[in-house]
Structure formats: C-alpha cells, structure tokens
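Please look through the sequence and the model shown here, and then follow the explanation below, which takes one part at a time.

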Amino acid sequence: MDLHDEAKAAQDAARGEIQSCSSLEDVDAVRIKYLGRKGEITFLLRKLGKVPPEQRKEVGGLLNEIKVEIGSLIESRKQDLKQQKYASGASAEALDVTLPGRTFKRGRFNPTLKMMDDLVQIFVGMGFSSVEGPEIETEYNNFDALNFPPWHPSRDDHDSFYVGDGYVLRTHTSPAQIRVMKSQPPPVRVVVPGRCHRRDTPDASHLMSFYQIEGLYVDFDVSMADLKGTLAAIAHEIFGEQTRIRFRPHYFPFTEPSTELDISCLVCEGKGCRLCKHSGWLEVLGCGMVHPNVFEHVGYDPRKVTGFAFGMGVERIATLKLGIGDIRLLYENDIRLLSQF
Amino acid sequence: MRVPFGWLQDFVKLDVPPEEVCDYLVMLGFSDVRVLPGEWDCLENFITGRVIKVEPHPSDANLKVVEVNVGYASLVSVCGAPNVNLGEMYPVAMPGSKLGSGRVVETAKIGGVESQCILCSGWEAWLDDEKDELLKLDSHIAPGTKLIESLRLNESIIEMDVTPNRGDCLGLIGIARELAAVFGKELIIPEPAVNEDGPRIGELASVEIEDTEGCPRYGAIVLGDVTVRGAPAEIRARLRQAGLRPINNVVDAANIVLFETGHPLHTFDLDRIKDGRIIVRRAKKGETITAIDDVEYRLVPDDVVIADPDGVVAIAGVIGSRNSEVGPATRRVLIEGAFFDHAFIWRTAKRLGIASEAAYRFSRVVDVGAVLYVLARTASLIQLDTKCNVSSGMIDVYPNPVLPRHILANPKRVNRLLGTSIPEQEILDYLERLGFMVSPGKDLEVVVPTRRTDVEGEADIAEEVGRLYGYDRIDLTSNHSRDSYGKYPDETVISRRVRDMLIGIGLNEAVTDATMGPDRIEFFGLESPELVEIRNAVGVQNSITRPSLLPGMAEVLVKNERLGQEDVGFFELGRTYSKKGEGFEEVARLAVGISGTSQPRAWHAKPRPFDFYDLKGIIEGVCEALGADIVFEPGSHEKFHAGRQAVVNLVKADNSSVIGYLGELAPDVCEVLGSKRRLYIAEIDFKQVREAVRGAGRYRSLDRYPAVKRDLAVTIPKKILESQVRSVILSNGGSLVESVKLFDVYEGEQIPSGTKSLAYAIVFRSSERTLTEAEIDSLQKDMEKALESDFGGKLRMKS
C-alpha cells in the first residue's frame, strides 16, 4: 500500500470514528489519534519525503486536504456535542414557570385618604398650595369670621361638637381660610385638606367625622368666570373629559354669589337613575365668590380684592368614583374591602 | 316645598310644561327640583255624580235610596248621610275601589235594596277627616267626570328645596315672581276685596307688644258672624296638594294664604280671648300651654308668646292653644298677621321639637311688609265663603317700621365679579323684574323689597343679576398659572413618604374614630387631666376626643382577625387631641399594628407568625429612612406583656425624649378584646419624628482603605441586654469600628443554662490608612476583656 492508499484509508477511518464520538473526550481522543504529534496523519506527512518527487506534490496535497477535513469534522462534531450537552442540561434544569412567583406584600391606602391625596395633587399642579389647620377651632374662625349669623342652625349644639368655651370641632376646613388670610397679604391660593366633625347620626351618607378639601383663591381681579374655569378643569380631571358639568345657584353664608357644581350622573350619564335621584345630575361641591364680610374679618379690603372659595366632601367624590353606596364602608378598616382598590 | 303646578299658574301664566319649569327652577337656585309622581291612584275609580232622586229606604229610617247620574248611567246608592240633596254633586266610589275608611266598595243588597255605588264624605274620598257629611262638589262639573279631574288633583306637583336664605320663596307668589322674572312674564298678585261692614276694630280687640325684640310687628283683623264649617271641596283639595290637612273654612283660608304668600297667620276664637286683649310678651318661667296637638309645653323666658290677661293663648309663630282655637262654636274670629324675630322662633321650635309650617317659615324670615296684605287677603277669602262681617280697620302695632334697604351697585364691579360684560340696561331690567326698584347712575341705586332680607350688598346684587343672566352663560376662564406655584407643607411630604413606605411593606392604612368613650379610656389606661371632652356628644361612646391611636388600632386588628384574615397589618397616621394650657394641642401620631401570620403558607416558604421584632423593625425602618435616631429600652406599660414591650426614645443632638412605645398587648387585654392571637402594636409621636428629620447628608468618598472583618461570639448571662453588649463593643472599638452586625443569637444545650450567646460580624476601617492585623487583634482583645469584666462574658469563637 503506497502512501496515497494509506492516506485514503486513514481518511475513511477518521470519518467513521468522528461520527461515532459520543463525548467531547472521545472527540479529543480522535483528534490526538489522527492529528496529534504522533497521530496517523502527522505520521503520513512525515513519510512524504520518501515519496518520489514527481508524486510528492499530489500526495502532499491530498494529505493536507485530509488533515483540514478531519480538523473541521472534529470541530463541527465538537460543536454538535456541546449543543447536545447544553440541550440535555437545560431540560434537566427546566422549571415550572407557571408556579407562582415569590410575592411581596402590598398594603392599601384608605380610599378616602388616597382620593384626598389625588385631589390635592391636582390642585397643587394648578398652583394651589396645600396647608393644614387645627381640628379644634375657635367658634370665631369656624363661624363668625365666615359670616355665619349668630342664630345660624349649624352653630346649634345639635349640629356641632363643642369642646370648651369658644371652641368647636371644626365643621368644615373653611376656618383655615381665615387663618391663611390673616397670616399673609393677597394673593392667596391654597387648598386645605383635613378631617371635620359634625353632630350627624351616621347613615349611608353621613358620618360624625369626614374629610373635606377647602380651596381659596384671592387676588386683585378674580371673577366667577375664573371660578367656573378652575373648577370645571378639576371636575374634568377627576371624572373624565366626557363628563358634563353645570353650575347652579345655591346658598352659603361665606360666599356671594354662591353656586354648586353638578356633574352628569356617572351611572346613567344623564338619563336618570337611582343614584342621581332621576335628575341626571350629581352634586359634587359647593363654591362661590368670597363674601365681602369674610374679607372684612381678615382685614382685606373687599373693594380691592375678590376671590373664590370651594369645599368638597372627599367621601362624596370617593364613593362616586369607586361606586360605593354607603359612606361608612370607607372606614370599616376591613382588609377584604381595602384590597379591592 | 310642594308647588302645585295649576295653583302656581294663578300667579304666573306659564306656557312650558312642568318638567321644563323644573330646569329653570334649578338654574334659579332651587335644589332637588322634580315633578312628583301622581299621588291619587287611590281615586282611580271615583267619579262625580249628581243626585237625581232621593227616596226613603223601605226598611231603615236612617237610610235613603238615592239615584245618581254618573254621566253614562243612573246608579242606585243606599246612603245614610244627612246632607243628600237633590241636584247636588258628590263623589261616587265605584265597585272595586277602596275608601279612605278602608272599606272596599261592592255591589250589595242593603235592607233589600241593591246599592251599586257609594256617595262619599271627604274622609271616604281620601281628602280629609270629615266623616259625617258628604263632600259637596262644584255642581257645574259634568257628571261622570273623574274626581281627580274635578278637584284638579291630577295637576302636577313640583317638589323642591328652598335654601335657608330664601324665606320669600316659601310661598307660591315668591316662586311665581322668580319664574315671571326669568320668563319675562307678568306676576299676578290677587287684590284682596274686603267689605269692612263690621264694627270698628278698636271696639273689638286690642294689641300690646311688650317684647318688640321678639315681635317687631303685630297686626289683627276681626270677623263677626262667622259660620265655621268644612271648606269648599276645591279648597280642601288645594290644601291637600300643598301637603296640608284641611281643618275648617277659617283655618283653611289662613293656610291658603300662608301657602300663597309664605306668611303664616293665626286665627283665634275672639270670644275665648279675655277682654279681646292680645298681649305679646316673653313667657314666664314655668308657664305652660296645652297646644292644639294636645301636648302640654313648658315655656322659658326665651319664648315669645301671645297672651290675654289670663294667660298664654299661643306660642308666637309656632303653635296655637286648645283654649283659643277656632271651632264649630266660634262666631267671632281674630286673625293674627305678625312678624316675629326668626331667631326666637327657631330656638323655641327647636327646643320644643315642634315642626309647624308657621315655625318653619318664621325661622327663615318672612316679609315684615306683608302683614296688612295677608290679613286682608285672609279676611276676604273667609268673607267670600261665609258672608261674615269684617271689622272696619285693622290693628297694626309696628313701633319701628323697617325701611327698605338701599344698595349702591356698580355695574362694572358687578360684571367684574361675575366675569361677564352684561350691559347696564340689562342689569337694571333683571333687577326690576325681581321687584327691586332701581335708579340709574354711575352706581345703580337699588331699593330692596323688605321680603328680600338676604340682599345686603353689591355681591348679593351680582348674584341676582347672575341668576337671571344664567350661571351657565358665564365663561370658563382661569388665570391659575399666574405668579404662583403650588407647594406641599413639609409635614405632608414626610407623612406621604412614610405612608408609601408602609403600604410598600404590606401594611394597610386604617382610619379610626376620632373619639371614644370613657370605658375605652379606662380600659387602656388613658385617663389624664388633658383629655378633651365633647360637651354635647351624641352618645357616651363618642364623648372624648382620642388621646391615643392604641384603642382604635387594637380594634382594627381584632376585627380583621374575626373576619378570618391570617395576615393582619395596619398603620394609622392621625391626630390625637389634648388640652394644653388655655388651649388645645393636636399631635400627629403613627400607630402600627400587626397580628397573625407574617409569612403565609406558600410553596416556597414555611409559615411564620408575626413577632415583636417584625414590629420593631418597622418602627426602626421608618425612623432610619427619615434619619431620626431612636433607641429602645424595656418598657412598663400596664396594658402590654411585661416582658415584651419597649419604650422608644428619640435621640437628638443634646438630649433624648420618649416618643412612644411598642410591644405585645398583655394576654388579659387580648382576651377582653376577644382576640386569640398575639397583638403587636406600636404608637409613636410622629410630630417629633418629623421634626428630627435630617436632610440628605454630604457625599462621602467611596475610595477608601480596605476593611478588616472579624466575627465575635460571646456567651453572657441571659439577662444582659443586647444593647449593653453592643455598646461595650462600640466603646472599645472606637472610631475604627465601621459596623457591628448581630448575626446569631443562641440559647441551648451547647452553652450553660441561664446564658445566651451573641455572635457579631464587626467591620473595622480607617479613613486614613490601612489597618494592621495587630492593631485589630489588640482592639478585639480589649472588647473581649471588657465583655468579660462587665458581664462575665465568655468568648465562644472568633475569626
């Protein structure tokens, strides 16, 4: 057998052996067997010198071809085997990705306080600063300075809680208006969120304690059109752009003119249903132009400044938005209920 | 306020349907305006019938056999009423209908005569309490007409709320005036036509006002030869539409005028007023009156009363008495038309719990100028009905006549306030339509009618103009971006951060009652002279403003436990209240409460109950995040487990103060609360924590010298606190100790009983150089020695 035939035979043998390798170690053994320092192909290449010069080129070419081929077969077999090993490893390590993840606990805000945060944020974005006031207020700030006449029913001890001579649990956050205006010159632009107290018998729409947001904007040229523009923007922000709104005249001691803001019913969209008592409208907040007497009480000149004030019950808005029929549910502190929101 | 639509049209002719009128009323400022559903389904099978034949009953002398024409037929009715008259018209109830007496009409033989229908009294026709006489109807109506049509009971009724400032709209004329103004229609006010054919009033009665504060004006007129009987059916029907109960023709006439004008009147039987002398005065202490509701009321000197020389005959503006009321025997009637101070009436009515139509209206201010009109109008209605005589002249005691208010209103300022540009002429027109007299000028001079006590200044004028112009026509503008940006107070920002954080670790936000009862106070040991008591609490359970969030939090935990919640975690950030000096103090507090399972059963972890250290970690975490330094030491709160509670101290630059406590509620407390679990609650003064908040520190270089880490485990007597061991380590390590972390606590067989082992990982680092092993060894030696000498600590392991 001449060198040519030996080369061919080695080629055939190597091809077969590479194909039957089942591990990277096998492949490495084949590589050493044929291409290693003492490998068969290496051995044949060394014998090339003994080949007659006229055949040397042809046999040399053949041997080199075979060497390259075996090298590449080995490489490709290696890759195949790596791939196989990875694949079988992955399936052995496979997880049930549908098992539930490790949860982290998440608590819930009280829905009223969450709503109050959201509302105040809208006002702050419009340039109103948030301020707080005491819940135990002077009768003067809670009533007199807000133009409540001495005989006004809400001063009655059937309606307000008294805690000492001249002190009352504030029945609205409006007295903070007085505190703010007394502490600074106009312009004033504030909202006052906070807890208020009235001597109501708790039912589906009344509580002895509730939250209110009072707003006040006083400047040298504020009009009712500004009031409408501002509160319409707020109503749309809270209830959505599609909500229709209306302002209708009303009465509050501390504003004149006074108005109430209604929105089209969230349930029936104005067609009339139980929620809106078949009127198509839901009352949302009270507002109006600050009464000149209130300005007098805080030392502002009512001929120079004008302003608007508004007050909204946070529970009212929360129950409307969340579809809660009974205001008392907001303060049940029941995890089952809180978890819904 | 009920507004019968047909009756309203007596005063303004409207050409739009009631539903549409409602929309206008809403935009005029009335609330909850709606058309009521029909209220007279009960009269569905009642028709009018004319008596065409009356014969005696063959077997019963008390009965008559009556033939009635009901339009489509003649029917026979067996009837026992005394006033069945030939040719008269009466209500006829057809078989199947239910009478006001409760009886159901059916065809039946009575004494051998078949009765096919029933002729009705007012009671049987659901109208009033008249049981004996048949209800006589207007004989011009066609027989067979439905009763509700003949009495106009089918007319719509609008119901609405009138705001407290608009007493003038508690009568139909007031409402008609508003609608006339908005529609540009004429207001029709009936002109009273009285024939003053009786004696001079001065010969019949006299009036003295002793209390002009409570009664600024008192007028009276006297009627003679009065026949008191049931009012005509149409009047009774009208009163029913108004929501009032018919009584007799005199009282009903006064009520008709009340309902038209909003001005209450009262009628007295003059012969039961001693000497015809009316005295308006304050009640004497202990004076009593038996009112027409048969209740005896005890009066106080704050009550204004109408009296005669013998005693009280009425509580002014609230209710009359039995001893002076007009009844069937009455021949002479004194009609009172007065103006009482609204605050007096309101207080008296409220104190006595009397909700009369009169008190309601006087409380909201009636028109002091209307007194003579309402007297004449009432007299004219009664005279028309009974042909009585009317005194010549009226009494009018009015010592300090009220002058109409004059207001200067500048059209420019009115427009500026409204944000409108309504022409001056239009403003003037709106005001005149509402009955204001206006003189033009740079400022309009507006004369306000006495009925509009609510209109006091230019702003009120602007409101009137705005209402008629239409609030919906005012533009929507805003200038809210001008020279102002909104801010939150620091307190809100910090509270919000903490709330977010607590929500983030799984706690829920609680809002509990701001008040509690003395039993709670006592149970939780909260008695203190600083408690703020509510003087007029609704019940004792809500009589004290809360001094602590603890009771509320305990209740929330127990409640959710009862509801079957395994994992209960809440916080509340709310105010507590106390007296302070002359005034009061409100402090923001943070309460945290946990109970049940911290780690619920899950495929990846073992369940673990909440414990003390979960709670402590929350408080530590909050304070750490805010940059407030706190330390804990064992506490002695009675309501907490003696060995499982701590006092929280806030460490400030120069001192430290107690800001709260935390721990496990004592087992007996849990038992009383109805809990089967261990309840962990913390409460801290959040105001102090907030004030201690530090801003972000300055940057410290990260490029530092290497750290040396050592572990140290020491066995010490059990009673030694970890904080003591830690402070020994820190004080011996000096400034080179970067951190000390406790990583193991062991008690058990491997160490002597009565001891525990604490294992620490200590990191040493210098900011100036690389530390040598030798100096750390020496430091650690010092620590070990100190631990041994201070606590008898034995070294267990070091590395």
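In this predicted model, strand E1 of chain B and strand E10 of chain B, which covers residues 157-161, are paired in the antiparallel sense over three bridges. Within this pairing, Pro4(B) has Ile157(B) of E10(B) standing opposite to it.

The pair belongs to an open sheet of three strands in chain B, whose order is E1-E10-E2 and whose pairing is antiparallel. Strand E1 (2-4) and strand E2 (31-35) of chain B are found at the edges, and because each has a single partner strand, one side of each is left without a neighbour in the sheet. From one strand to the next, the twist averages 15 degrees. Helix H6 of chain B, made of residues 233-242, packs on this sheet and touches E1 and E10 of chain B, with a direction that makes about 140 degrees with that of E1(B).

In chain A, attention turns to helix H1, which spans residues 3-20 and has 18 residues, reaching 26 Å from its first C-alpha to its last, close to the 26 Å expected at 1.5 Å a residue. Which residues of H1(A) are buried? They are Leu3(A), Ala7(A), Ala10(A), Gln11(A), Ala14(A) and Ile18(A). Seen down the axis of H1(A), these buried residues fall within an arc of 105 degrees, so they line one face of the helix.

Terms used: Residues numbered from 1 in each chain as written. Chains lettered and ligands numbered in written order. Predicted model: local features only at pLDDT ≥ 70, side-chain atom pairs only at ≥ 80, totals over all residues. Heavy atoms only, no water. Pairing = 2+ DSSP bridges. Helix = DSSP H or I, 4+ residues; strand = E, 2+ residues; numbered from the N terminus. Axes fitted to C-alpha atoms, helices over the stretch in contact; angles between N-to-C directions. Contact = heavy atoms within 4.5 Å. Expected span 1.5 Å × (residues − 1). Buried < 20%, exposed > 50% of the residue type's maximum accessible area, 1.4 Å probe, protein only. Arc of directions from axis to C-beta.
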